[in-house]
Amino acid sequence: MTQSVVKLLPGLSRLRQAAQSDKQLQFNNLLHHIDEDLLKRAYARLNKSAKAGIDRHTWASYGEILPERLPELCREIHTNRYKPKPVLRLWIPKTNGQQRPLGITCIEDKLVQQAVVWVMESIYETDFLGFSYGFRPERSQHQALDALHVAITTKKVSWVLDADIAGFFDNIDHDWMMKFIRHRIVDKRLLRIVERTLKCGYVDGDKQFKTEVGTPQGAVISPFLGNIYLHYVLDLWAHRWRHVEARGEIYLTRYADDCVVGFQYQGDGIQFRQALEERMAQFNLKLHPDKTKLIEFGRFAASNRKERQAGKPEQFNFLGFTHMCSTNKQGKYCVRRVTIKQKQREKIKWIKTELLRTRAMSPHVVGAWLKRLLQGYFNYFAVPYNMSSLQMMRSEISKIWRRALSRRGQTTVPWYVFKKLVNKFIPPVKLIHPFPNTRFERRTQCRSRMR
């Protein structure tokens with residue numbers, strides 16, 4: 001969960017109040033909010049361990065020149081001389097043997113983008129709808145999971161549309177993007193920075209390429225721009241559709257480009273999907289034909305399908321979890337959420353590769369790394385009904401580590417020796433997250449953020 005500086009800075013706080021009081025207000029003088037103080041705050045917020053871009057500056061090395069560079073950077077921004085550098089593109093191997101591109105933005109461009117996001121965020125956070133959770137201050141993935149769980153278990157949901165936008169960030173149309181931003185922002189200097197950032201291009205090897213479509217990969221501003229794009233393309237349209245076109249109740253949960261929609265009636269789900277495909281096509285987007293599916297899911301799905309001899313209800317994936325219809329110990333309906341098996345297998349496989357690669361290092365060094373990695377993993381996935389999956393993962397990784405240590409010494413590590421390492425470095429599996437209904441009601445105080 002991220003926290004914005006908007007509430008901390010008086011200027012941005014007043015900007016937010018103005019945006020909230022007048023939803024039609026257009027802002028034409030925003031760049032003065034980007035001063036040395038805001039840029040310094042942006043630099044402090046950046047990832048300190050991020051790799052260097054084409055300028056070869058890391059966070060630490062740029063910090064050494066920050067006092068001298070910051071005043072000049074501020075002048076460049078305010079005199080229209082600032083131009084973002086191309087993104088450095090690297091290729092990293094995937095577990096299936098293929099490679100995926102990784103974009104690395106220069107530190108200086110990141111801090112400028114962060115400052116721009118904070119200014120624009122103070123306006124758009126008053127416009128974004130409640131069912132949008134991705135990359136927003138004071139919102140998180142687990143809040144989105146909670147909202148979805150509550151909708152399915154307590155509302156009239158019998159069908160679920162798992163919508164996947166194919167290559168969303170790579171296919172954002174620049175012209176549409178700028179048109180959407182101009183609904184609220186008409187400051188030409190700020191708009192110019194955003195447009196230059198969109199078109200900054202990338203360097204792959206010794207060649208430089210232009211970008212005519214999509215947002216810069218790895219850029220700080222990309223998730224925020226994606227939210228603006230989908231706010232106009234999807235959120236506002238879907239919000240109107242369910243109130244005007246739908247016959248029954250509809251509940252939406254969106255995290256970035258991942259969207260799950262719950263329907264009371266199958267007919268609404270079919271019509272919504274068709275209308276959504278047409279809507280996406282208008283803005284150069286399309287739904288992934290294989291990953292987008294409408295399934296029968298909810299409190300009565302199992303019994304209804306049993307009557308039709310249609311088998312068990314289908315499952316869907318959202319934010320790392322497979323959601324499935326199930327029952328609790330009391331025999332009541334519940335939504336069981338477990339770690340996606342394929343993703344977990346890939347994670348175990350990657351950890352195995354790393355443990356074998358580092359087997360010659362000190363067990364205490366490797367153990368400390370493993371502890372940080374697994375603790376972060378468990379902190380996210382330790383939800384009700386997922387403990388057995390995490391216990392299996394913990395056991396499997398312990399076995400892999402022991403085998404790696406044994407290969408190091410060409411002899412099996414005695415269990416009593418290895419057990420000490422396990423107790424010290426392999427974190428136990430504990431339930432971290434409460435049941436979604438309890439946390440959702442406490443957070444919203446019964447004011448629904450699903451609609």
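This is a predicted model: local features need pLDDT of at least 70, side-chain atom pairs count only at pLDDT 80 or more; totals for chains, interfaces and linings use all residues.

Residues are numbered from 1 along each chain as its sequence is written, and side-chain values use heavy atoms, with hydrogens and water left out.

**The whole chain**

Show the protein as a cartoon: it has 15 helices and 11 strands. Helices (H or I, at least four residues) and strands (E, at least two) are DSSP runs, numbered from the N terminus. The radius of gyration is 24 Å, close to the 22 Å that the globule rule gives for 451 residues, so the protein is as compact as a globular protein of that length. That radius is taken over C-alpha atoms, and the globule rule is 2.2 Å times the number of residues to the power 0.38. Along its principal axes the C-alpha trace spans about 65 × 65 × 40 Å.

Of the 451 residues, 50% count as buried. Buried means under 20% relative accessible area, exposed over 50%, and partly exposed in between (1.4 Å probe, protein chains only). Among contacts (heavy atoms within 4.5 Å) between residues at least 6 apart in sequence, 72% join residues at least 24 apart.

Next, colour by charge. There are 77 positive and 42 negative side chains, and the centres of the two sets lie 9 Å apart. Lys and Arg count as positive, Asp and Glu as negative, and His and the chain ends are not counted. The place of a charge is taken as NZ of Lys, CZ of Arg, CG of Asp or CD of Glu.

**The loop between α4 and α5**

Select Glu125, in the loop between α4 (107-124) and α5 (141-154). Is Glu125 buried or exposed? Glu125 is buried, at 11% relative accessible area. Its side chain makes a polar contact of 2.9 Å with that of Arg136. A polar contact is a pair of N or O atoms within 3.5 Å; within protein, one must be able to donate a hydrogen and the other to accept it, and residues adjacent in sequence count only if both atoms are side-chain atoms. Not counting residues up to four places away in sequence, Glu125 touches Arg16, Arg136 and Pro137.

Glu138 is found in that loop between α4 and α5 too. Glu138 has a positive phi of about 65° although it is not a glycine, and is partly exposed at 34%.

Move to Tyr385, between α12 (363-381) and α13 (387-409). Tyr385 is not a glycine, yet has a positive phi of about 75°; its relative accessible area of 25% makes it partly exposed.

Lys83 sits in the loop between α3 (59-78) and β1 (87-93) and is exposed, at 59%.

Finish at Gln217, in the loop between β5 (207-209) and α8 (222-244). Gln217 is partly exposed, at 30% relative accessibility. Leaving aside neighbours within four places in sequence, its contacts include Val87, Pro101 and Thr105.
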